[in-house]
Amino acid sequence: MDYLMNRSIVKSLENKTILITGSTGFLAKVLVEKLLRVQPNLRHLFLLLRAPDSRSAAQRLHTEVMGKEVFRVLRTKHGDEFNSFMSQKVTAIPGDITLENFGLREDSDLLKKLLKEVDIVANSAASTKFNERYDVALEVNTIGAKNVLDFAKKCVKLEMLIHISTAYVCGEKSGTISEKPIKMGETLNQTSEVLNIETELKRMQNCLRGFKAEQVSITEEKEVMENLGIQRARAFGWPNTYVFTKAMGEMLIGENGGNVPIVIIRPTIITSTYKEPFPGWSEGVRTIDSFLVAGGKGKLPCFLGNTETILDVVPGDMVTNAVIVAMVAHANHQSPNPFVYQVCSSQTDPLCSLRLRDYGYNYFIKNPLTGKDGEPIKMTMPICFPTMDSFRRYIYLNYTLPLKVLQFVNLASCQYFRNTCKDMNRKINQTLRLVEINVPYIFFKGTFDDLNTERLRMAVRANTKEASIFYFDPKCIDWDDYFTNIHIPGLVKYVIKQ
C-alpha cells in the first residue's frame, strides 16, 4: 500500500499492456473506458471476445464494445480521431476461456505476441445466470478461471492477475463475512460428501454422455443440467450454480497460483455508474433492476423484504476504480495466497432492502412509463411480505387456489379452459422459481467486511491528486439521491427505452 502513496496510479499505468476477458460485459466495458480515458499512454489493451476468427472478433469489438454509449465521453474527447485512437490502443482477440490458451494455436504468432507483451491479466469473464446449466457454469466460472491463470503464468512480463469474482461466494452466511481466500475443497455446510472439482467435472461429463446415448431433446437436456447445477450447489451449502462455480474457480486459482501476484475482487450487487464516465449508465436488466422494471411496468403486485434485510449494492464505476487501484498496488508483489478485496457497502453505508420498493414506487408515480396503449402506466404500492412463508400463503390463496377451482371447472366443461389453466400454472411456477432462486439475497443476513478494501482506499486518499479520480468509498453515496436521480433515470434511459 505504501507504494500507492509514493507514486501516481495514472503514471503507473503508462506503457502497460493489459489483457481483459469478458470484454462485452458491463463491468469490463466500464474498465476499458476508464483505463483509456485516464491513461491514453497505455501501451495496449487486448480484449478477449468469443469469436471464430479475428474478423468476427473485430466486428464484436466495434458493435458490442466501442459502439456503446459508455464510450460517449471518450468519443467526444478524441472527436474524429476516436476510431484511430481505439485501433492503435485496442485489439480484439478471438478466443474462449473454456479452452487452453483460449483456443489459440501453440504455434500462432498471436499467442506468441500475447505471451511476450502482456503485463497484467484481468479476468472478468463469467456466466452470471443463477441457475445456469451446470456444464456451462463449470466450463466458464471454474475451468475458465484456471485456464486464465495458466495463460497468465506463461506471460514472460506478467506483473499480476486480477480475478473478478462475487462477494456471494460466501453462500448464505450470516454475521460479518471476512476477506479471505476459499480453501480447496471447502464447503459451507456439514456434509460428509467431499467436494472434489475433478469429480464434479466427471459427473457433468457423464451426464452429457448419457444424453447423447439416450438422444434426449435439447429442452430436456437444458432442464436436467440446470437442475443438476442447483442440486450440486445445495449439496455443499451454496444456494445456486453461479456462486458455487465461482467459488470453485477461486479454489483453483488459490491452489495453483504459485508465485503469481493474484488479487481477487469480490463485488456485491453491481449497479449503474455513480459518476463516470457519466452518472446512471447501465446495460441490461441486472439483479435488483428486475424488480424496478417490473414495478415501473405495473407488474409488481408484491415485494419481499423486511426492515432487517440489508441490500448491499455498489456502483459499477466504484468497482472499476477498485480494480485499477488493486492492479497498481499489487503489481510484482508476490504472496503465497491471493489477496481478497470485497467491494461493498453494507459495513459502511447500509441500505435497507425495503427502500428499493419505495424508490421504485415514488419515482414511477411521478415519472410513469407509457403503456402499449399510449397511456401512462398506473402505479400501485406493492404489498410487502416480510418472510418467504407469508409470500407462499399469498400465492396460494390468490393464485393457486383459484387455479384449482378453474381446473375443476375445466374438467366439468370438457377442457374448455385448458389453455387458461396451463397459462396460469406456468406463470405461478415461473414466479415461484424466480423468487426461490433470489430469496437467499432478498433475505441475506450477512454484512461484508471490507478492511482490506478500506486500507486500499486510505492509500488512495493519501494521494490527494488522484483521490477524486479513483474513488470507491460508498460512504459518499446518498442512496436517496442515487436511486431517485441517477440509477432509476439511467435504467429508464439506457435499458427500458432501448
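This is a predicted model: local features need pLDDT of at least 70, side-chain atom pairs count only at pLDDT 80 or more; totals for chains, interfaces and linings use all residues.
Which residues of α17 are buried?

1. In helix α17, the buried residues are N452, T453, E454, L456, R457, A459 and V460. As you look at their positions, keep in mind that an α-helix has 3.6 residues a turn, so residues three or four places apart point the same way.

2. Now to the aromatic rings. The model has 24 aromatic pairs. One of them joins F444 and F448: the ring centres are 5.5 Å apart and the planes meet at 10°, so this pair is stacked. F444 is buried, with a relative accessible area of 5%, and F448 is buried too, at 1%.

3. For a contrasting geometry, turn to Y482 and F483. Their planes stand at 80° with the ring centres 5.2 Å apart, and because planes over 60 degrees apart count as edge-to-face, this pair is edge-to-face. Both Y482 and F483 are buried.

4. F444 and F448 also belong to one aromatic cluster, together with F130, Y168, Y242 and Y441.

5. Finally, look for charges over rings. R72 sits over the face of F278, 3.9 Å from the ring centre. K34 lies over the face of F470, at 5.3 Å from the ring centre.

Terms used. Residues are numbered from 1 along each chain as its sequence is written. Side-chain values use heavy atoms; hydrogens and water are left out. Rings of Phe, Tyr and Trp (its six-membered ring) pair if their centres lie within 6.5 Å; planes under 30 degrees apart count as stacked, over 60 as edge-to-face and the rest as tilted. Buried means under 20% relative accessible area, exposed over 50%, partly exposed in between (1.4 Å probe, protein chains only). A charge sits over a ring if NZ of Lys or CZ of Arg is within 6 Å of the ring centre and within 35 degrees of the ring normal. Helices (H or I, at least four residues) and strands (E, at least two) are DSSP runs, numbered from the N terminus.
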